[in-house]
Structure formats: C-alpha cells, structure tokens
Amino acid sequence: MVKSMVVLAQIPLVALFPLCICYQTDESTSSASLSPQFYDNSCPNAQAIVQSYVAKAYSNDPRMAASILRLHFHDCFVNGCDASVLLDSSGTMESEKRSNANRDSARGFEVIDEIKSALENECPETVSCADLLALVARDSIVICGGPSWEVNLGRRDAREASLSGSMENIPSPESTLQTIVNMFNLQGLDLTDLVALLGSHTIGNSRCIGFRQRLYNHTGNNDRDQTLNQDYASMLQQGCPISGNDQNLFNLDYVTPTKFDNYYFKNLVNFRGLLSSDEILFTQSSETMEMVKFYAENEEAFFEQFAKSIVKMGNISPLTGTDGEIRRICRRVNHDV
C-alpha cells in the first residue's frame with residue numbers, strides 16, 4: 001500500500017489527466033465474464049496505479065500514449081485480448097513482436113514492465129497483463145484529451161504467442177478497404193467500429209516506409225496517389241525520399257498530433273490522411289465516407305462511438321476463469337520466470 005501511494009503522490013494527475021466525459025457503453029458490448037469492478041476487492045488501487053504510470057510515461061515522452069494504445073489493438077486482433085503481444089520469444093515460441101505489423105514499430109514494452117512491477121508489489125499475481133493493456137489504452141486516450149469509459153476487467157493471460165496470427169490478422173498501411181473490413185469482421189467488429197477505431201490515428205506516428213509508395217509508386221507506374229493532397233505530398237517528400245530514411249517519423253495527424261480529437265477525420269476530408277489505409281475510408285466507400293464526414297463535423301459523436309467500439313474490441317475472446325494464467329512478468333509465461 002505504501003509503495004503505490006508514494007508513486008501516486010509523485011505524479012500531478014489532475015494536471016495531466018484533463019476533465020473528460022465518461023461514456024456509458026451498451027450492455028450488448030460487454031462480456032458476461034468481465035466487469036469494471038473485477039479488482040475492487042482484490043486490488044482496489046490497481047486502476048490508480050496504472051493511471052499514475054501512464055501519466056509518468058506521457059510526461060517523459062508524449063509519443064508513448066499512442067504506442068501503448070497500439071499494443072492493445074495489436075493484442076486483441078490476434079487470438080483475442082490475452083496479452084500475447086507482450087511475450088518475448090522463448091524456446092519454440094516465436095514472439096508476435098517479430099511480425100511485420102510490430103517489428104521496428106511496436107514500442108512501450110518497458111512502460112508495461114514498469115507498471116506490472118508496481119502492480120505485483122501491490123497485489124501479487126492478481127492483475128493480468130491483458131487487463132493492464134486495456135487500462136493503459138483508456139488512460140492514454142484520456143491523457144490526450146479523448147473520451148473515457150469503464151474498462152471491463154477479468155481477462156487472463158495467454159501462455160502462447162501467435163506470430164502467424166500477427167502476420168495475418170493486422171491490417172497494413174497498404175491494405176485495401178475490403179481487406180480491412182474482412183479483418184475487422186473476423187473479430188466481430190462492424191463497419192462503424194472500423195471507422196471509429198481507426199480514428200485513434202488522431203495521435204501517433206508512421207514511419208516513412210509505411211506510406212512511401214503513395215508518394216512515388218502508388219499504382220506501380222512511378223506515380224503519386226491522386227487522392228493525396230499535392231501540397232501535403234510535397235511536404236512529406238521532403239522528409240521521406242524515394243529511397244532511404246525508412247524510419248523517419250511523421251505525425252498521423254499533422255494538425256493536432258498529440259491531441260485525441262476529430263482532426264483525423266477532418267484531414268481525410270481534405271485528402272490529407274497520411275496512410276493509404278486511412279484515406280480510403282473517404283475515397284472508396286460511400287458508407288464510410290458519410291461516417292468520416294459525420295465525425296469530422298461532430299467530435300462528441302466520434303468520442304461516444306469510439307468508447308463503445310473499443311470496449312467491444314476489448315471483449316474479443318478473453319481468457320477467463322481458469323484458462324490461461326496471471327503472468328508475473330508480462331514478457332514471459334510463469335513457468336519461464
């Protein structure tokens with residue numbers, strides 16, 4: 001108890017976490033085996049501890065908010081929300097960190113390690129790494145000015161990772177709209193969820209390699225993507241040449257890059273979406289185009305739907321009861337600790 005209260009006292013949470021509206025989510029999006037009150041008796045300070053460490057990480061590196069949010073997405077899309085994305089390679093198990101979607105871009109694992117260590121000091125072998133990812137996702141969005149919601153808790157941790165699942169189930173920056181729709185549908189997420197959840201690209205970065213093809217060889221004919229604003233494209237080319245500088249970072253939302261708001265959608269309407277997989281929401285489907293325009297004009301509607309959709313995503317195939325385990329260290333299954 002003393003250790004966690006010391007941690008909380010060190011972080012000016014009121015200054016870092018702005019006042020926000022906590023959105024209620026539909027009962028239909030909730031898993032019967034998960035509950036926001038899951039740790040109320042077994043680890044009552046768990047959520048406050050997580051929030052304090054997210055605030056610390058954000059204060060040290062504002063990019064970290066998007067990075068640890070992304071871990072939750074990449075976890076849930078591979079065999080459900082079971083913290084498999086956090087496992088390092090061990091023996092015959094290959095880490096999901098080696099997949100195209102995660103290699104050289106997934107980050108924030110040290111932050112997760114630090115939070116987990118604090119939780120273990122407070123409540124040993126109680127709070128799962130899967131729940132930790134769900135909590136840091138919420139807190140990362142709130143600290144950037146976005147919506148809040150009650151996080152369903154009670155997930156347990158996988159004992160296996162799936163490199164093949166990570167290779168196959170996570171959209172790439174060059175994925176077609178139909179491919180993205182299929183990947184979301186596979187997880188039980190519909191078109192409304194897809195558009196709202198991609199709105200999380202209002203924070204974070206992409207590497208030059210993730211959108212270079214749009215600038216120089218979009219259709220294989222040494223051409224520029226015509227759905228990309230030409231002035232914006234010229235600006236991007238200055239830091240993303242036709243070869244080299246693969247790891248150069250660019251803001252997904254160049255207007256308000258560290259604020260969780262609806263500028264992602266406003267940018268799409270102005271043909272200034274950084275990734276092809278984002279801009280196609282406005283250019284390749286009348287249905288998604290109307291949603292993009294609606295959210296561009298109505299931030300509150302976006303926030304409300306985002307909260308519903310991320311709760312729905314967080315309920316994908318959780319391990320509960322006696323399935324899985326509560327890892328002591330998020331990088332390793334317990335028999336390897």
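Trainee: Are Cys129 and Cys330 buried or exposed?

Mentor: Both Cys129 and Cys330 are buried, where buried means under 20% relative accessible area, exposed over 50% and partly exposed in between, with a 1.4 Å probe and protein chains only. Keep in mind that this is a predicted model, where local features need pLDDT of at least 70 and side-chain atom pairs count only at pLDDT 80 or more, while totals for chains, interfaces and linings use all residues. Residues are numbered from 1 along each chain as its sequence is written, and side-chain values use heavy atoms, with hydrogens and water left out.

Trainee: Thanks! What joins Cys129 to Cys330?

Mentor: A disulfide does, with an S to S distance of 2.1 Å; the term is used for a pair of cysteine sulfur atoms within 2.5 Å. Cys129 lies in helix H6 and Cys330 in the segment after H15, so the pair ties together parts that are 201 residues apart in sequence. Helices (H or I, at least four residues) and strands (E, at least two) are DSSP runs, numbered from the N terminus.

Trainee: And which hand does the link of Cys129 and Cys330 have?

Mentor: That link is left-handed, with -95 degrees about the S-S bond.

Trainee: What is Cys330 in contact with?

Mentor: Setting aside neighbours within four places in sequence, Cys330 is in contact with Leu86, Leu87, Ile112, Lys116, Cys129 and Leu132. Contact here means heavy atoms within 4.5 Å.

Trainee: Why does Cys330 count as buried?

Mentor: Because its relative accessibility is 2%.

Trainee: How many disulfides are there in the whole structure?

Mentor: A search finds four. With bonded cysteines counted along the chain, the pattern is 1-4, 2-3, 5-8, 6-7.

Trainee: Could you walk me through another couple?

Mentor: Cys76 is joined to Cys81 by a disulfide, S to S 2.0 Å. The torsion about their S-S bond is about 120 degrees, so this disulfide is right-handed. Cys76 is buried, at a relative accessible area of 0%, and Cys81 is buried, also with 0%.

Mentor: Then Cys208 and Cys240 form a disulfide, with sulfur atoms 2.0 Å apart. This pair links distant parts of the chain, 32 residues apart: Cys208 is in the loop between E3 and H10, and Cys240 in the loop between helix H11 (230-239) and strand E4 (249-251). The torsion about the S-S bond of Cys208 and Cys240 is about 75 degrees, so that disulfide is right-handed.

Trainee: New topic: which residues lie nearest the centre of the largest pocket?

Mentor: Those are Arg70, His74, Ala101, Pro173 and Leu275, out of 42 lining residues. The largest share of the lining, six residues, comes from H4.

Trainee: What's the definition of a pocket?

Mentor: On a 1 Å grid over the protein atoms alone, a cavity is a set of points where a 1.4 Å probe fits but cannot get out, and a pocket is an open set with protein on both sides within 12 Å along at least five of seven lines; lining residues have an atom within 4 Å of a point.
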